[in-house]
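Trainee: I would like to learn how to read features off a model. Can we take them one at a time?
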Amino acid sequence: MKKPLTAVERAGPHALPDPARRALSLSLGLLPVLHLLPGCTPSQAQTTDAPATDTAQALLSTKGPIHPGLLHTEADLQRMHDKVGAGEEPWTAGYGMFLAAHWSDLGATPHPLEVVNRGGSDENYWVMTLDMQRAYHLALRWKITGDEAYALDSVRFLNAWSSTLKRLGGDSNVYLASGLYGNQWAMAAELMRDYPGWAEADQARFRTMLLDIFYPLCHSFLTDHNGTEIRKVTHYWANWDLANLCATYAIGVFCDRPDLMAEAGDYYKGGRGNGASAHHVYFVHPGHLGQWQESHRDQGHSTLGIALAGMLCEMAWNQGEDLYGHWNNRLLAGAEYVAKTNLTDANGTFYAMPFAPYTGVHGSGTEVAGLGSYRPNWELIYHHYVSRKGLSAPWTEAMLDKVRPERADGGDQPGLGTLFYTRDPAPAAKPSGLHAFLAGGKVLLSWWGSADAAHYLVQRASSRSGPFTTIAQVTDPRTFTDAPAKGTWYYRITAVTAKGRERVGDKIVRIAAPSELWLHLPLNGNAKDVSGHDRHAKLLGGASFGEGRNGTRAVLFDGESGYVALPDGVVSTLGDFTVAMWVYSETTAVNTRLFDFGSDDVAYVALSPRSGDQRLHFLASREQFWPKQELHAEPLPNDRWVHVAVTLGGTVGTLYVDGAPVASHDGIWMTPYQMGHTKQTWLGRSQYGGDRLFKGRMQDVRIYSGALSASAIAKLAR
């Protein structure tokens, strides 16, 4: 049967490239091959590059994964075929980089091994990575050109390894092998799954290799972290988790295992290790610049982390799940930070980067390190957030000016993004992701920009319905600090294009200055919030009501199972804050909690009445057992009512007992805002399962947006 015509063939000779591009295309052997991709009809090629939706997720749960659906959908492959065949740039230059790697050359011989070691004295993993890359590149060249010779060669490599490999070995680096290479083997196989010449029995054997040799190591690492899961889950850098998340997801797609896909996606959104979104972007600076977890280590690993996270998000997007957009485009925040870190100004000087101190298993970091990495991993980020979503990513774009066309990238990740991911841009988006909170007593605003904006107008009103007045014009970074008069204020952002067109942002945010009662739980017989915001709490376990101060009622904590749960995310938009309460302690147990706001035992802000060294202890952590941002004072006395409060204004934290300041420290960076949408926002219970629950009584719990003054705290303590 005759194959359908491509768009180029249907258009006739006028669709051919100009003479120069035609000459290059002929030299690459492209123009003679202009039929559709194997197994791809015109309608299929138009339907895969759609936004991720809940509907897509529902279809996935009932019909299984979409194929091909890892880094390359049918639409992506058809785009590469059409653009390269027509000699269009930058795809043609990208294809030149693809060919320059020579991994798609015909006639190479597979060298399969029974045991592949990474780490230790018998390393040989590079033998496998070369063959893995050949299998992947040969599969791609078949898809782009339609020449079956490349498909046959790709299958030779896939079958050679699936019939030979018995195990992965080495030292702890075996977990890098399982992640980095399990991912890319699955990508090669996914491209070949519709090739009639790859027998089902051979495909089944390849699935067995992935599920029996690679996936168990991925799963073991993500659940046990080589024995450090409980003791020190953050021992391993972000790229270790991310590599194994990519492999788990990719194996899940190729092997039709939605449970594996869910395992990886759920971990990315809520895991404890450094590969989770909350942890690989360690701190978000003004302008949505997200400090990467490895930024103080070196930039080679930081850029690898961006590449791996990008691959995971792209695979999920192609299956209908938007991990790219998770937590206000958190990956873009990290990418923009890492890109800017590795760029220089007009004088050739690296930019001075904001940096939140980092203390972890491998020591402390106070600044970015190892500058000047130009890994080919930026097209993927740019073409999702800018070309698909219409956002601006100025530092990612500036990095592309250095690395385009992207080359192949060894064995850690494919690279070649200019060929793979370049797409025609969607319309520019409105300014989005506007966040506002109090920082040092002022209003700090950050937002995502529009792809075509020349500048932004920061606008303020005293009513949500306006009128709005422009108070500043901003280019980059996309942040502004306002010092309004006392009152309640509303902010919005308007983008202005080079032609003067205005585009009002999608969000209006409200903030009260200099402070606002955010939550108020009298706890005098119920757990209702009387602040007017309806942020009601719940008594759980052995918590009950009993006698309080001056004939009132209070919550009784039994020290065994009782605690109070605040609503999820109740403090997630707070920068400057105050927590104040009346407490009656009846225990000398250490490391109990008056409050603990977090989602796990890695990132939280908490107050303990008596620490292990017998002190009242406020701590803010983003790195599990390394809470260096803390305050200490004498432990709370037992068997009497005590008023205790903690405030944070900017980076200055202060502890108060009975209305008087007892400790203060400048150097506390981790605000509730940095903890995100907390799911374990507790009174009387610790994030650590081994800590005792608080035993005593509590009432009149107040949380404020803003750091109250010493005189205001003194009034609360009367």
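Trainee: Is cysteine 255 buried or exposed, by its relative accessibility?

Mentor: This is a predicted model, so keep that in mind throughout. Cysteine 255 has 9% relative accessibility, so it counts as buried. The cut-off for buried is under 20%.

Trainee: How many disulfides does the structure hold?

Mentor: General idea: a disulfide is a covalent bond between the sulfur atoms of two cysteines. Here the structure holds 0 disulfides. Take cysteine 255 again: its nearest cysteine sulfur belongs to cysteine 218, 11 Å away. The cut-off is 2.5 Å. Cysteine 313 is in no disulfide either, with the sulfur of cysteine 246 nearest at 8.6 Å. Cysteine 313 is at 0% relative accessibility, so it counts as buried.

Trainee: Next, aromatic rings. How many aromatic pairs are there?

Mentor: The structure holds 28 aromatic pairs. A pair of rings is described by the distance of the centres and the angle of the planes. Read both values for each pair.

Trainee: Why is the pair of phenylalanine 206 and phenylalanine 254 called edge-to-face?

Mentor: Their planes stand at 90 degrees, with the ring centres 6.1 Å apart, so the pair is edge-to-face. The angle cut-off is over 60 degrees. Now place the two rings. Phenylalanine 206 is in helix 10 (residues 200–224) and phenylalanine 254 is in helix 12 (residues 238–254). The pair therefore ties together parts 48 residues apart in sequence.

Trainee: Which aromatic cluster contains Phe206 and Phe254?

Mentor: One formed by Trp161, Trp185, Trp198, Phe206 and Phe254.

Trainee: What about phenylalanine 283 and tryptophan 669: how far apart are the ring centres?

Mentor: The centres are 5.7 Å apart and the planes are at 75 degrees, so this pair is edge-to-face. It links distant parts of the chain, 386 residues apart. Phenylalanine 283 is in strand 3 (residues 281–285). Tryptophan 669 is in the loop between strand 27 (660–666) and helix 20 (672–675). Phenylalanine 283 has a relative accessible area of 7%, so it is buried. Tryptophan 669 has 27%, so it is partly exposed.

Trainee: Which charged residues lie over the face of a tryptophan?

Mentor: Two cases to look up. Lysine 83 lies over the face of tryptophan 91, at 4.7 Å from the ring centre. Arginine 330 lies over the face of tryptophan 327, at 3.8 Å from the ring centre.

Trainee: How many bridges join strand 7 to strand 8?

Mentor: There are 6 bridges between strand 7 and strand 8 (residues 442–448). Alanine 439 stands opposite lysine 442 in strand 8.

Trainee: Last one. Where is aspartate 76 found, and what does it touch?

Mentor: Aspartate 76 is in helix 5 (residues 74–85). At 2% relative accessibility, aspartate 76 counts as buried. Leaving out residues up to four places away in sequence, aspartate 76 touches Leu71, Asn318 and Arg423.

Note on methods:
Residues numbered from 1 in each chain as written. Predicted model: local features only at pLDDT ≥ 70, side-chain atom pairs only at ≥ 80, totals over all residues. Heavy atoms only, no water. Helix = DSSP H or I, 4+ residues; strand = E, 2+ residues; numbered from the N terminus. Buried < 20%, exposed > 50% of the residue type's maximum accessible area, 1.4 Å probe, protein only. Contact = heavy atoms within 4.5 Å. Pairing = 2+ DSSP bridges. Phe/Tyr/Trp six-rings, centres within 6.5 Å; stacked < 30°, edge-to-face > 60°. Lys NZ or Arg CZ within 6 Å of the ring centre and 35° of its normal.
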